[in-house]
Structure formats: structure tokens, C-alpha cells
Amino acid sequence: MMAQTGNWNWNPPHRSTKRHDLLYITLFLVSIVLVSAASSSTTTIPGARKSARPSVLSLFNLKGKSKFWSETILRGAFEDLESSESVGSGKRALVNYTKAGTIAAYLKMSQVDAIYLPIPINFIFIGFEGKGNQEFKLGPEEMERWFTKIDHVFEHTRVPQLGEYLTPFYRVRADGVQHHHLPLISSINYNFSVHAIEMGEKVTEVFERAIKVLARRDDVSDTRSDGDQLWQVNIDEMEYLFTSLIEYLQIDKAYNIFILNPKRDSNRHTYGYRRGLSETEINSIKEDAGMQTNLLKSKGPIQNPLDIEKKRKPLYMTHPMVKFAWTSVESIDTAQWVNFCLEALNDIEKSFSGKSTSEIVYRQAEQLLHGKSFDLALTLRKELKSSKMLGLYPECLVDSWIGKERWAFLDLTAGPFSWGPTVGGEGVRTGISLPNVEKTIGAVIEITEEEAEDKLQSVVQEKFSLFGDDHHAVDVLLAEMDIYELFVFRHCKGRRVKLALCEELEERMGDMKSEMETFQGEEQEEIHRRKAAEAIKRMEQWNLFTDAYEDTKNYTVARDSFLSHLGATLWGSMKHIVAPSSAEGAFHYYEKISYQLFFITQEKVKHIDLLPVEQNAIKQGLASFIVPGQKVQFHPHMLALSEDPALAMAFSVARRAATVPVLLVNGTYKTSVRSYLDSFILQHQLRRLSGGAHFKSRSTLEVPVFWFIQEGDPLLIDKHYQAKALLDMVIVVQSSQSDWESHLQCNGQSILWDLRNPLKAGLAAAAEHLAGLVPLHLTYSHAHENAIQDWLWSFGCNPFASTSSGWHTSLFQSDTIARNYIVTSLEESVQLVNSAIDLLIMERTNDLSFKIFKAQEHSLVASYNSVVSLWRQIAGAVGDIRYGDSMRSLSMLEEASQRFLETTNATLAALHPIHCTRQRQVEVQFDISTLLGFIVVAAILLFLLRPRRPKPKIN
């Protein structure tokens with residue numbers, strides 16, 4: 001019944017979902033209006049994201065205007081940094097703080113683009129004063145004209161890792177990819193200060209005399225006297241001259257590159273420099289058993305007459321640390337040294353006088369046995385004891401050399417010689433790789449007296465055949481003047497032997513001037529008077545008959561060609577010898593180097609002294625890589641494959657074979673099946689033996705060296721190498737062949753490797769692993785963005801050159817090791833500082849954070865100053881070649897850089913809570929737009945929330 005009559009119920013009205021959405025949209029609009037109003041009340045910071053203006057570190061952002069260090073710049077810039085900390089915390093400081101926009105701008109800090117390390121270098125010219133070869137004279141004006149164009153500033157670069165093994169070995173390619181956190185082109189730059197030194201004619205006389213006295217025939221059986229033989233100069237004795245001259249002038253606190261231009265001796269036309277014995281001298285010792293016995297019985301040491309008493313007369317007090325400087329050494333400055341050397345050379349010449357060929361060979365071998373070349377003496381004594389002398393080979397004849405000290409030389413008269421890959425290589429050393437005075441300056445043949453008269457006569461006839469009878473006398477004189485001026489410039493100016501015709505023309509020029517003066521009278525026409533005046537003025541400005549080269553525009557093409565080639569060569573010496581590229585990676589300084597030497601043989605050896613290796617030579621070579629302040633330890637171990645199945649399995653897995661195409665020097669093609677160890681497989685298996693090569697601290701670095709000793713067939717690493725440097729170890733392979741024909745040649749002869757003694761290759765690999773040293777012929781090319789080769793620089797008796805079997809480390813390489821440590825530390829310091837400065841650039845300033853920042857400012861600036869101070873100390877020590885002082889600063893630099901980053905983070909951490917806790921109210925600035933916005937929102941709310949009539953609901 002109820003259903004029939006209906007049921008009335010009252011329910012309050014329900015809002016629809018659509019109206020709920022509108023309400024939420026309205027509330028969202030209100031919030032937008034409030035936020036926009038608040039933001040409009042905030043002061044806009046112009047350029048807040050932009051970099052701050054250059055700070056004191058613009059010292060390290062040196063551009064084209066100022067590339068060179070000076071103590072004034074250093075001190076002034078550092079004081080500017082200290083003054084960047086504002087004094088007090090008053091209203092003025094607050095205004096400066098808020099106007100700066102960012103903390104980095106307030107502190108005047110910007111990111112560091114580059115740091116420059118000064119490097120002093122001397123280019124010493126001998127035989128360029130007009131008394132050397134071709135009587136070539138080099139003046140300071142043209143030296144400055146050409147050599148200031150050399151790039152004196154360039155970045156430290158890194159050679160990428162070598163590419164795939166399928167790449168032919170004679171075409172070495174790097175993969176060009178960066179594998180480490182340090183870039184291939186470093187932010188650390190080298191800034192060379194070049195000092196050119198011209199020696200006098202007396203010093204040239206000493207070196208010409210030394211070449212004559214110390215030279216002997218390359219072929220002892222060739223007794224001809226026509227001057228066509230090949231001569232070898234004893235480089236060990238020449239080293240005494242270079243070293244004593246440097247010590248005498250006290251220029252050892254710089255890198256010295258000698259450029260020699262001695263006059264060629266007609267009786268010794270072709271000569272070169274060699275360490276040790278020639279092939280015919282070695283053969284004569286092999287054939288004479290009595291000589292071998294006497295050599296083994298000989299006693300040393302043997303006093304060398306050139307080992308003179310060390311006299312000193314300083315050339316300068318300090319190196320002129322400027323872009324280019326020129327100094328001419330007077331004869332009186334070197335008179336004492338010259339007299340000592342000439343007297344010693346005379347004694348040497350007398351000692352060789354009347355000696356037979358066998359006696360001369362015996363004396364040279366005796367000097368090697370008891371001389372300063374430890375590696376040659378060791379090899380010669382070992383081969384003499386074996387009586388077969390299978391591992392004794394002649395070294396290459398060269399015209400360039402790197403000494404044990406900080407000097408090297410290039411002899412432009414010696415040679416020509418060549419070396420490098422046998423076939424298919426790039427950047428090989430050829431006979432024209434060095435500038436040649438004879439082929440450039442000497443090729444410009446001066447005309448004779450008769451030829452000069454004929455040339456002048458033909459020019460006169462050609463010129464005056466065009467003249468008629470109506471020409472004025474002034475015009476005739478001007479035409480004659482033009483002829484004489486051109487002829488004198490071409491054939492008289494700068495001649496070594498003056499022509500008689502040139503003297504006659506000089507007199508005629510004087511007469512012509514007098515004749516011209518007669519046409520300046522009032523009775524002459526104006527046009528003729530003007531022509532005469534101009535001609536006289538032109539004559540007065542002439543400098544045609546002087547011997548000196550005063551106008552740099554008048555240099556011949558031959559001279560310019562020679563000087564440009566010489567400049568490029570000297571730039572190459574800076575790039576390859578003084579400051580070469582390093583291997584890719586970070587190389588840190590450690591206080592102690594611990595070499596873990598693992599000698600691995602097939603069968604067990606009873607005692608380590610019975611191993612077929614020269615342990616003392618290995619230790620001496622490895623110890624030569626130590627820089628000042630470092631200590632070295634050696635821990636030899638013996639392992640036998642027969643007693644270690646896991647090691648034997650690793651060795652067997654890594655052993656491979658490959659067919660390698662070979663093209664010999666004589667053009668013969670053949671294929672060679674080579675047995676080799678795959679370094680990556682072997683590395684994976686050997687890592688468990690090293691126990692971790694590196695410690696995280698800077699106290700000790702363990703360097704594991706795995707030395708495999710194998711009998712039987714030749715065994716290499718990666719098909720071509722005797723040793724290989726890997727990321728965490730060094731691998732060396734020693735086998736039993738004594739005359740392995742390598743892929744290299746010198747002067748048309750293959751360079752042979754003694755696989756029984758891989759010491760040279762092992763030391764080169766250890767130096768690359770320890771400090772990033774690479775072979776001298778490798779460098780990074782900016783143009784190719786990859787590694788390139790220049791075999792011109794592969795010389796010297798060091799582990800990184802191919803033309804000598806020597807493995808002594810020069811001071812060039814020792815300093816390079818130290819600089820590689822310094823570059824790594826500086827670059828990592830720059831990265832830390834830049835990351836901290838980047839945070840400061842991103843941090844904005846406002847008045848609320850001022851007091852908190854002032855409490856942190858002192859510690860922040862102090863930590864920043866300590867880093868910059870250490871940068872300056874290290875750079876100054878490098879410029880003075882005090883690498884020991886630099887090494888002591890590296891650990892402090894690492895701590896200071898880390899402390900600056902931590903202080904920066906702490907400062908920002910103290911500032912960040914301010915933005916959340918201090919701003920508890922939002923200040924809104926009302927304007928017309930804000931008012932209109934509120935009216936619109938209120939209207940919408942009124943429409944949505946107005947009361948509605950209740951509607952009955954029928955269930």
C-alpha cells in the first residue's frame with residue numbers, strides 16, 4: 001500500500017563531479033596568482049648563470065697577449081687574490097655581496113683554463129760565426145726574425161693506446177680514443193724561454209779538431225787516402241767536450257741543444273758518430289784469440305785526457321726567462337777551456353801516432369771495457385768470455401745524439417744517414433731530414449769576374465738599345481743608376497769574395513752622384529732638378545757595398561729555406577726531446593717504488609744467481625727511473641712452470657702463433673711464423689700473482705715485472721715486442737736467439753735484436769708503466785688528433801731510441817718522469833678546483849645568507865690561496881729545474897685541493913638551510929594585474945558556490 005501511495009524523503013543537494021573539478025581549477029588559479037605576485041616582488045639577478053669576470057687565476061688563463069711568466073705578474077696576481085676577501089661586514093660589504101650575483105663573482109674566482117710551466121732552453125750555435133762550413137754566418141736579427149715564429153707554448157699531450165694487432169707493425173696506429181679521466185690534450189702547458197748562444201771561432205776550432213783526432217775508419221781494411229772512406233767519431237769521448245763546456249759556462253740549469261756546423265775536412269769527407277766498435281773492428285777481435293785473452297786480462301780504469309779539470313766561468317747568473325734572447329760568446333770567455341781541450345786533443349793524437357790498425361782496435365776495445373758505458377762494457381765482457389761473440393753488433397752511425405746530462409747535439413755537416421722502419425713506415429729519417437748548409441747555402445754558386453762582366457755588358461746593351469738621341473742627360477744617368485743598382489744587389493752585396501767589378505761600380509756611383517748635383521742649378525728645368533734631387537736622395541740611402549746583412553728583406557731564398565728548416569728542427573727538439581708526449585693515463589708520485597721481479601722458467605733453478613739474466617743491470621736500469629725524494633726496493637722471486645700447474649696453464653693459453661709478412665731491406669719478401677704471447681690473456685691469468693699492483697695511498701707503489709725465460713724457438717709478445725707495459729704489470733719475454741732481424745733498419749742495414757737480453761725493451765716498458773714515457777719518435781699531433789711518428793729523434797743510448805743498444809736513462813728522461821708526475825697532480829688539482837668553483841658559480845647571493853657566508857669566507861679563501869700558492873711554488877721549481885722541491889709539494893697540493901673542495905661543500909651546506917627556514921612569510925606585491933586576477937577568481941567562486949533550491953527526490 002505504501003508503494004502505491006508514494007514515499008516522500010528530503011535529502012540535501014549533492015554537487016556534481018564537474019563542479020568539484022571547477023573548484024579545484026579555481027584553487028589552482030589562486031595559487032598561480034599568489035606565486036606570480038611573489039615572484040614579481042623578487043629582485044632579478046642579471047647574469048646570475050653567467051661566468052664571473054676573470055679572477056686572479058687569469059694568471060693561468062694566459063692568452064696571446066701575455067704568455068710568459070714573470071715574478072711581477074705572479075706576485076701581483078697572488079696579492080689580488082688575497083685582497084678579494086672583503087674587509088668587515090658592514091653595509092658596503094653587504095651591497096657588494098648582493099650585487100655580485102654569485103659567490104664566485106663576489107670572490108672573483110673563475111674556472112682555470114690552463115697552467116703554464118716555464119722551461120728554460122739554450123740553443124748553442126757552433127760554426128755559425130763565419131768560420132764554419134760554407135763560411136755561413138748567422139746574425140741575431142735573422143735569428144730573432146725566424147725563431148720567434150717558433151711556437152714557444154704548447155700543451156702537454158698524451159699518446160692514445162695502440163690499436164688492433166691486425167694493423168701492420170710498421171704502421172703503428174693509436175686508436176685515438178680517450179680511456180682515462182685525463183684528456184689527451186692537457187690543460188697544463190709548457191712555456192719555453194729560448195736563449196740562443198753563438199760560440200766564437202775558437203770553440204768551433206776545438207770541435208773541428210776533435211772530429212779530426214777522434215775519428216777512425218769505419219772499415220779498418222780500407223787504407224785509401226783519397227778521402228772517400230767513411231769515418232766514425234768516438235761519441236764517448238765527444239761527450240767529454242759537451243759536458244765540460246756546459247760545466248765551464250755553468251749553463252747546466254737549462255736544457256742545451258747544440259747545433260754544429262763544422263768545416264768539412266777534405267781527408268774525412270763523410271763521417272758520423274758511433275758508440276762502440278764498427279763491424280770490421282768486431283770481426284778483427286773475433287779472429288784474434290790473443291787479443292781476446294789480453295782484453296780479459298786488462299786492468300782499468302783508463303784515464304781519458306779529455307777528462308780535464310773542471311774550470312768554470314759563468315756565462316750568465318740566471319737564465320733570461322724571456323721569449324727569445326741572443327748572446328754572443330767572446331773568445332776571451334772561453335779561452336781557458338779552449339786551451340785545455342786543444343792540449344788534451346794533441347795528447348790523444350800523439351798516443352795514436354804510429355799505431356797499427358790492430359793496436360788501435362785493441363785500445364778502443366780496452367777503453368770500452370773500462371769506460372763509463374756500463375752496458376757496452378757488460379756486453380763486451382760477456383761475449384769475450386763466451387769466445388763466440390754472437391751478441392756483439394755495431395751500433396748505427398748517426399749525426400745526432402742525446403747525452404747523459406741535459407744536452408743533445410745535431411751535426412749539420414755529418415752524414416747523411418737514415419733509419420726507421422724497413423718498409424711501409426711513416427716519418428722515417430732520411431738524408432734530408434736535417435737542414436743542410438751545403439745543399440742550400442752552398443748550392444748558391446757565386447759568379448766569377450768574367451761572368452759578372454758579361455752579365456753587366458748584356459744588361460747595359462739591352463737597356464740603352466731603347467734610348468734615342470732626344471733623351472736628357474738626367475734620364476741617361478737614371479737608367480745607368482737602375483742597371484748598377486740591380487747588378488750590385490744581385491752580385492756584389494754580401495759576397496764572401498768581393499769582385500773587382502763591384503769596386504769599380506762603387507767608384508762610378510760616386511761620380512754619378514757628383515754629376516747629378518750639377519743638375520740642381522737654377523738654370524736647369526724644374527722637372528730635371530726634381531729628378532736629380534730624388535736620385536741623390538736615393539743614393540744617400542743606399543747600403544749596397546757593405547758586408548753586413550742589415551736589411552732583413554734582402555735575404556736570399558736559400559738562406560730563408562735553410563733557416564725555416566732549422567727553425568722547424570729546433571721546434572721538433574722541444575717537442576720530442578725536452579718535453580715529449582706521455583702515454584695515456586694518470587701517473588702519480590709515490591714515495592717508494594717496490595719492484596716485484598718474477599723470473600719464470602720452464603724448470604726449477606736451484607739459485608736465483610744461476611738465472612741467465614743480468615740482475616745487477618736490471619736493478620741499475622730500474623733504479624734510474626727514480627726521481628729526487630723517492631726510494632726503491634727490489635724483491636726478486638723465482639717461479640717454475642713445472643711446479644705451478646695454474647701458471648703453466650695460463651702460459652699455454654696465452655701462447656699463440658701467427659704468420660707475419662716480412663719485407664727485408666734488400667727487397668726480399670717472405671713470411672715468418674712467429675710464436676708469441678697474447679698480453680691480454682696473460683694479464684688476466686697473472687693478476688692473481690701480483691696481489692694488487694697499486695696502493696691507494698701515495699706511500700708505496702708495487703710494480704710487478706713478469707720475466708719469462710724460454711729456451712728454443714724465438715718467443716715475442718703480441719707478435720712484435722720483447723716487452724709490454726700493461727695497466728697493472730710489465731711483461732718481458734727472453735728467448736735464446738741472438739740475431740733476430742727486427743722491422744727496423746739504419747743506413748740500409750737491418751737492426752738486429754739479441755733476444756737473449758731483452759733488458760732495453762724491458763726497461764722501456766717499465767718506464768712507460770711507471771711514469772708514462774714513450775719512444776722518442778712518438779708524439780701527439782693536434783692536426784691528426786692522434787699519434788704520429790718522427791724517427792728523426794730516435795737516437796741516443798737510452799731505452800727509448802732504436803739506433804743504439806744502450807739503455808742508460810738521460811737527464812732528459814729523468815726530468816720527463818718528474819714532469820709527468822707534476823702534470824698529473826696539477827691537472828687533477830685543476831679538476832678539483834674547477835668543480836668547486838663551478839659550485840660557487842651556481843650559488844646565488846642574497847642579503848639573508850650574507851652573515852652565514854662571512855663566517856665561512858676566511859676558511860674558503862684561505863684554502864683557495866693555499867692551492868694557488870702551491871701552483872706557483874711548483875711552477876717556479878720547474879723553471880729552476882728543482883724537481884726535488886716540486887716532488888715534495890705534490891702531496892701537499894693534493895691535500896690542499898681536496899680541502900678547498902670540502903670547504904666549498906661545507907660553506908654551501910651552511911647556506912642551504914637558510915632558504916628553507918628563514919623565509920617564513922611570502923611578501924606579495926599587489927598591482928592592477930593582481931587585483932584583476934582576484935576579481936576574476938572571486939566571480940568564478942561566487943558562480944560555483946551560490947545556494948541552490950532543494951529538489952525533491954522520488955525513490
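Two strands are said to pair if DSSP finds at least two bridges between them. Strands (E, at least two residues) and helices (H or I, at least four residues) are DSSP runs, numbered from the N terminus. The structure described here is a predicted model, in which local features need pLDDT of at least 70 and side-chain atom pairs count only at pLDDT 80 or more, while totals for chains, interfaces and linings use all residues. Residues are numbered from 1 along each chain as its sequence is written, and side-chain values use heavy atoms, with hydrogens and water left out.

Strands β12, β22 and β23 form an open sheet of three strands in the order β12-β22-β23, with antiparallel pairing. Its edge strands, each of which pairs on one side only, are β12 (419-421) and β23 (749-753). Between β12 and strand β22 (residues 740-746), the antiparallel pairing extends over three bridges. In one of these strands, β22, Cys746 is the bridge partner of Trp419.

A disulfide is a covalent bond between the sulfur atoms of two cysteines. Here the term is applied to a pair of cysteine sulfur atoms within 2.5 Å, and a search of the whole structure finds one such link. The disulfide is formed by Cys396 and Cys746, with their sulfur atoms 2.1 Å apart. The link is left-handed, with -95 degrees about the S-S bond. Because Cys396 lies in the loop between α13 (374-386) and β10 (400-402) whereas Cys746 lies in strand β22, the pair ties together parts that are 350 residues apart in sequence. Both Cys396 and Cys746 are buried, where buried means under 20% relative accessible area, exposed over 50%, and partly exposed in between (1.4 Å probe, protein chains only). Two further cysteines may be mentioned: Cys341 counts as buried at 2% relative accessibility, and Cys797 counts as buried at 3%.

Burial also describes helix α21 (residues 645-654), whose buried residues are Leu647, Ala650, Phe651 and Ala654. Seen down the axis of α21, these residues fall within an arc of 95 degrees, so they line one face of the helix; the arc is that of the directions from the helix axis to the C-beta atoms. Pro645 and Met649, on the other side of α21, are exposed.

Finally, helix α26 (residues 883-911) contains Ser886. Ser886 is buried, its relative accessible area being 0%. Apart from its neighbours within four places in sequence, Ser886 is in contact (heavy atoms within 4.5 Å) with Ile822, Ile874, Ala877 and Val878.
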